[in-house]
Amino acid sequence: MANEITAEEINKHDATLLKDIDDALANCMKCGNCQAGCPIYRETRKEFSVARGKISLMQAILSGKLEITKEFDSMMAQCLTCKTCAANCPCGVKADELILRGRHATIKARGLNPIKKTVFSLLSNRPLFNTVLRMGGMFGWLTFKDIPDKNAVLSRLPMPGMDPNRATAPLASTPLRSEYPPVIKVDNPRYKVAFFTGCTINFMYTDMGKAVIEVLKENGHEVILPGAQHCCGTPVHVSGAFELANEMAKHNIEVFERYECDYIVGACGSCVEALLDYPKWLEDEPDWAARAQNIADKVREISQFLVETGYKTDNLGAINKTVTMHDPCHMVRGIHVTEQPREILKSIPGLNFVEMKEHDRCCGSGGSFSLAHYELSRQINDRKCENIKATNADYVCASCPSCRMHITDGIVQNKMPQVVYHPIQLLAESYKLGKQK
């Protein structure tokens, strides 16, 4: 038939989608250093799980030996985007970014997965997304039951796409940004600080957001909470849907441009990294890239901001507990902020800090990865829990709500006593105890 597309034409089309990264792929010398650090390869021992294997697959697409099939899509999806491969590469190959390009090529060739298409449509429709999450928070008690003292819930009913025994974060009855005015004023503010809450803190872990606000106020900063802020775009970007992620970035740029602020802080390493990466995401649109850079110049992770600008330590109350810390991937290998949260924890009287083994190794969350590959993510998480258990800590700190959620699930599944917090929550509690002296 005249309109029939031949296999050769499909191969040429698929190869074209990756042509501009041909040289970058060629820089991989297939040494296998990425195997040692890859958390997925550690569990599966399958070559396609590791960066070297994925790069070989993309090169096969470029050479016309393979097509972008459903199997190729599945193999590209088996990545936590933890950036360990890039950090360990002696040739400086940014394999994590190349894998995202492979996912982008898959979307261009095959279209977006129907489930992700539905989720991303909801995520990009801010009014609808907000309404759905608000409704979930109002009636969540009907479908979820609390796990005492863990700030987590278990589903009462089968939930599509979620393991029935999985512990997850509760949906807040009132979103964080709805509990505060757009500007929280203080007398003679040191700085005007805008707070990028992200979705999980706004709709689930509001206790983290409240701690950030209280700590900023305690240190004399005016807090700005833009109500129109949206998802940072990370879940969409790492799935390869670059164009949609860029639209989310542009929305957030426009929102934060409306406010006169000295800094923009976040309490999630992934969100902060996204805001810092907006100029790179939008590099093909110079005007937008310049506006994105103006925003990025103001962005700090909350512990980074406090250490950089100074925070009160003379009015801290004692927390007589032992704490260990997990370094989220996008904190340690994305924005390179690891010492600042530790400095804050170590400044709290009575708090005994114990470093865990492999503190910077991925916990297995990877955002939606732990939903799509729960058993595999649990295996990775169980290793993290073993390292936590060995510290005999009372608390685990993680500067990422997604990591907090996943590690909490591991703690619940392994029947461990620990509770997971953001470091800023312990600082906020210490300020509170200090006032009770």
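This is a predicted model: local features need pLDDT of at least 70, side-chain atom pairs count only at pLDDT 80 or more; totals for chains, interfaces and linings use all residues.

Student: Is S155 buried or exposed?

Tutor: A residue is called buried when its relative accessible area is under 20%. S155 has 13% relative accessibility, so it counts as buried.

Student: Which residues is S155 in contact with, leaving aside its neighbours within four places in sequence?

Tutor: The contacts of S155 are then T143, F144, M162 and P164.

Student: How should I read the sheet around strand 2?

Tutor: In general, the strands of a sheet pair through backbone hydrogen bonds, and the pairing is either parallel or antiparallel. Here there is an open sheet of 3 strands in the order 1-2-3, and its pairing is antiparallel. Strand 1 (144-147) and strand 3 (167-168) are the edge strands, each pairing on one side only. A helix also packs on this sheet: helix 10 (residues 126-143) touches strand 1 and strand 2, and its direction makes about 85° with that of strand 1.

Student: How many bridges join strand 1 to strand 2?

Tutor: There are 4 bridges between strand 1 and strand 2 (residues 152-155). As an example of partners, D146 is bridged to V153 in strand 2.

Student: What does a parallel sheet look like by comparison?

Tutor: Consider the open sheet of 4 strands in the order 10-9-11-12, where the pairing is parallel. Strand 10 (352-353) and strand 12 (419-421) each have a single partner strand, so one side of each is left without a neighbour in the sheet. Helix 22 (residues 401-413) packs on this sheet and touches strand 9, strand 11 (395-398) and strand 12, with its direction at about 175° to that of strand 12. Helix 23 (residues 423-435) lies across strand 9, strand 11 and strand 12, running at about 120° to strand 11.

Student: Over how many bridges do strand 9 and strand 10 pair?

Tutor: Strand 9 (residues 322-326) and strand 10 pair over 2 bridges, in the parallel sense. Within this pairing, V323 has F353 of strand 10 as its bridge partner.

Student: Which way do the residues of strand 7 point?

Tutor: In strand 7 (residues 263-266), Y263 and V265 point one way, while I264 and G266 point the other way, and all are buried. Strand 7 pairs in the parallel sense with strand 5 (residues 192-196) over 4 bridges, and V193 stands opposite Y263. Strand 7 also runs parallel to strand 8 (residues 299-301), joined by 3 bridges; there, V265 has R300 as its bridge partner.

Student: Which residues of helix 19 are buried?

Tutor: In helix 19 (residues 339-346), the buried residues are Q340, P341, R342, I344 and L345. They pack against several elements, including helix 17 (302-309), strand 9 and helix 23.

Terms used: Residues are numbered from 1 along each chain as its sequence is written. Side-chain values use heavy atoms; hydrogens and water are left out. Two strands pair if DSSP finds at least two bridges between them. Contact means heavy atoms within 4.5 Å. Axes are lines fitted to C-alpha atoms, for helices over the stretch in contact, and angles run from 0 to 180 degrees between N-to-C directions. Buried means under 20% relative accessible area, exposed over 50%, partly exposed in between (1.4 Å probe, protein chains only).
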